[in-house]
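Good morning, and thank you for coming. I would ask you to look at the sequence and the structure as I speak, and to find each residue as I name it.

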Amino acid sequence: MFDDSVQVRCRRCKGAFRERARRLQNGYSRQCPTCEVVLFFDEDSADQTIRRAMRNARQVRAALREAEAEAPRSKRAVRGSGRRGSHEMVSEASD
């Protein structure tokens with residue numbers, strides 16, 4: 001798997017911190033851990049660093065959805081092959 005967080009840069013102190021991509025959506029707000037200024041996340045923000053973080057979060061969410069969609073396919077293939085072998089062993093033992 002990969003990191004599901006996005007780097008955000010504060011407009012006031014220029015410090016950077018990480019926030020989970022699933023949280024970064026329009027209307028979300030968070031305090032900077034360094035200077036405690038409240039940052040509002042919006043796609044149409046005047047702040048370039050906020051727009052960049054929102055764009056990166058959208059890309060990470062898309063990659064997570066893609067990875068989640070492929071995970072059940074691989075699990076089904078593994079499960080299906082193991083059950084047949086154990087069933088055959090039980091029927092042979094009872095004969």
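Let me begin with a definition: helices (H or I, at least four residues) and strands (E, at least two) are DSSP runs, numbered from the N terminus. What you see is a predicted model, in which local features need pLDDT of at least 70, side-chain atom pairs count only at pLDDT 80 or more, and totals for chains, interfaces and linings use all residues. Residues are numbered from 1 along each chain as its sequence is written, and side-chain values use heavy atoms, with hydrogens and water left out.

How many helices and strands does the protein have? There is 1 helix, together with 4 strands, and along the sequence their order is β-β-β-β-α.

I turn next to burial. Buried means under 20% relative accessible area, exposed means over 50%, and partly exposed lies in between (1.4 Å probe, protein chains only). Of the 95 residues in the protein, 23% are buried.

My next topic is charge. Side chains of opposite charge can pair when their charged atoms come close. We speak of a salt bridge when a side-chain nitrogen of Lys or Arg is within 4 Å of a carboxyl oxygen of Asp or Glu. The whole structure contains 6 salt bridges. One of them joins Arg20 to Asp4, with 2.9 Å from N to O. Because Arg20 belongs to strand β2 and Asp4 to the segment before β1, this pair ties together parts that are 16 residues apart in sequence. Arg20 is partly exposed at 45% relative accessibility, and Asp4 is partly exposed at 21%.

Which residue forms a salt bridge with Arg22? The partner is Glu68, and the closest N and O atoms are 2.7 Å apart. Arg22 sits in the loop between β2 and β3 (29–31), while Glu68 is in helix α1, so the pair links parts that are 46 residues apart in sequence. Both are partly exposed, Arg22 at 45% and Glu68 at 44%.

A further salt bridge connects Arg23 with Glu19, whose closest N and O atoms are 3.1 Å apart. Is Glu19 buried or exposed? Glu19 is buried, with a relative accessible area of 3%, whereas Arg23 is partly exposed at 45%. Through shared partners, salt bridges join Glu19, Arg23 and Arg30 into one network.

We come now to a surface patch. Patches are made of residues with over 30% relative accessible area and no salt bridge; like charges are joined within 9 Å, and nonpolar side chains (Val, Leu, Ile, Met, Phe, Trp, Tyr) within 5 Å. Arg9, Lys14, Arg51, Arg52 and Arg55 form such a patch of positive charge on the surface. Helix α1 (residues 48–94) supplies its largest share, 3 residues.

Glu36 is exposed, with a relative accessible area of 54%.

Finally, please find Ser45, in the loop between β4 (38–40) and α1. Ser45 is buried, at 15% relative accessible area. A polar atom of its side chain lies 3.1 Å from the backbone nitrogen of Asp47.

Key. Areas by Shrake-Rupley, 256 points an atom, 1.4 Å probe, with all protein chains shown as cover. Lys, Arg positive; Asp, Glu negative; His and termini not counted. Charge placed at Lys NZ, Arg CZ, Asp CG, Glu CD. Polar contact = N/O pair within 3.5 Å; in protein donor to acceptor, adjacent residues only side chain to side chain.
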